[in-house]
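Subject: Structure handover

Hi,

Here is the structure I promised to pass on. Please open it and keep it beside you while you read my notes.

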Amino acid sequence: MNGNAIMYDAVNGKILTVGGAPNYQDNPATTNARIITIGAPGAVASVAQIGNMAYARAFHNSVVMPDGKVLVVGGESYPIPFSDNTATNIPELFNPATSSFTSVNPISIPRTYHSWALLLPDATIISGGGGLCGACATNHPNAQIYSPAYLFKADGSKAARPVINSVSATTVAVGSKITVTMNRVVQSFSLVRFGSGTHSVNTDQRRIPLTPTASGLTYTVTVPSDPGVALVGSWMLFAMDVSGVPSVAKTIIIRA
């Protein structure tokens with residue numbers, strides 16, 4: 001219970017599960033990590049255990065990024081609602097290419113019970129909240145922004161970002177094509193659904209990797225035709241260059 005499940009590649013049915021505890025509270029959390037792969041309706045899913053996280057977590061949050069990596073932030077090693085006593089303040093970054101986790105810079109404010117985290121259209125991640133227990137000391141009515149490494153050069157300066165100049169449509173049906181014009185050459189695209197998290201659960205977020213066809217600086221991507229993959233709703237369309245630097249997203253609404 002109280003772990004996370006993140007669909008980081010909806011096309012290939014890949015779901016990362018991380019952390020949690022045997023009971024909702026008063027049990028040690030785990031460092032467990034697994035990849036669940038789902039396929040056609042009715043088919044048996046496969047489950048593969050991968051290398052564990054470095055830190056045990058429950059009541060944490062996880063956010064899929066435009067490149068398919070997943071940031072795992074906050075939580076506590078011994079889940080007790082409205083407590084920061086065992087807060088885990090070092091986030092970890094999951095890399096699907098290696099099925100491994102890397103620790104990143106620590107957060108300065110615990111994010112435990114009632115906290116949340118979401119991907120923003122500028123490809124940063126906002127993490128906030130926690131508490132909501134009247135006048136107790138674990139109320140955190142604030143937020144922090146995580147800027148992933150893909151926004152920076154090796155020397156720490158900001159990377160130049162590709163810019164989506166225009167899209168052919170902002171409301172599309174499943175199976176439709178979208179034509180995108182860029183300010184410079186890019187390599188890949190992705191759609192990431194807007195999330196809505198509560199109590200460590202965010203089943204709205206999912207990521208669809210898109211393979212473009214190119215003609216100069218004009219690219220065409222195709223929304224999957226399966227409505228179970230490309231759920232109706234609001235999505236962020238990102239373009240990424242050869243170095244993995246993402247653009248600011250354009251909002252795309254997918255309808256049935």
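Tyr24, Phe59, Phe82 and Tyr113 form one aromatic cluster. The model is predicted, so local features need pLDDT of at least 70 and side-chain atom pairs count only at pLDDT 80 or more, while totals for chains, interfaces and linings use all residues. Residues are numbered from 1 along each chain as its sequence is written, and side-chain values use heavy atoms, with hydrogens and water left out.

Back to the rings. Rings of Phe, Tyr and Trp (for Trp, its six-membered ring) pair if their centres lie within 6.5 Å; planes under 30 degrees apart are stacked, over 60 edge-to-face, and the rest tilted. By this rule there are 7 aromatic pairs. One of them joins Phe94 and Phe101, a tilted pair with 5.3 Å centre to centre and 50° between the planes. Are Phe94 and Phe101 buried or exposed? Both are buried. Buried means under 20% relative accessible area, exposed means over 50%, and partly exposed lies in between (1.4 Å probe, protein chains only).

Now the strands. Helices (H or I, at least four residues) and strands (E, at least two) are DSSP runs, numbered from the N terminus. Two strands pair if DSSP finds at least two bridges between them. Strands of a sheet pair through backbone hydrogen bonds, either parallel or antiparallel.

(Axes are lines fitted to C-alpha atoms, for helices over the stretch in contact, and angles run from 0 to 180 degrees between N-to-C directions.) Strand E7 (residues 92–95) and E8 run antiparallel and are joined by 4 bridges. There, Glu92 stands opposite Ser103 in E8.

Another open sheet of 4 strands runs in the order E12-E14-E18-E17, again with antiparallel pairing. Its edge strands are strand E12 (164–167) and strand E17 (213–215), and each pairs on one side only. Ignoring direction, neighbouring strands of this sheet are turned by 25° against each other on average. E17 and strand E18 (residues 218–222) are antiparallel and share 3 bridges. Ala214 stands opposite Tyr219 in E18.

Next, look at strand E19 (residues 233–240). In E19, 6 of the 8 residues are buried, so the strand is largely enclosed by the rest of the structure. Strand E15 (residues 188–193) and E19 run antiparallel, with 6 bridges between them. Ser188 faces Met240 of E19 across this pairing, standing opposite that residue. E19 also pairs with strand E20 (residues 250–255), in the antiparallel sense, over 5 bridges. The bridge partner of Trp235 in E20 is Ile252.

Why does Ala10 count as buried? Its relative accessibility is 6%. Leaving aside neighbours within four places in sequence, Ala10 is in contact (heavy atoms within 4.5 Å) with Arg206, Arg207, Ile208 and Val229. Ala10 and Ile38 are 28 residues apart along the chain, and their C-alpha atoms are separated by 9.2 Å.

Last, the empty space. Rolling a probe the size of a water molecule over the atoms shows where it is left. On a 1 Å grid over the protein atoms alone, a cavity is a set of points where a 1.4 Å probe fits but cannot get out; a pocket is an open set with protein on both sides within 12 Å along at least five of seven lines; lining residues have an atom within 4 Å of a point. Grid points are joined across faces, edges and corners, and a volume is the space filled by probe spheres set on the points.

- The largest pocket holds about 310 Å³ of space.
- Its lining has 19 residues, and Leu71, Val104, Asn105, Tyr146 and Ser147 lie nearest its centre.
- E11 gives the most to that pocket's lining, with 3 residues.
- There are 3 cavities of 30 Å³ or more.
- The largest cavity has a volume of about 80 Å³.
- Residues lining the largest cavity include Asn4, Trp116 and Gln205.
- E1 supplies the largest share of that cavity's lining, 3 residues.

Best wishes
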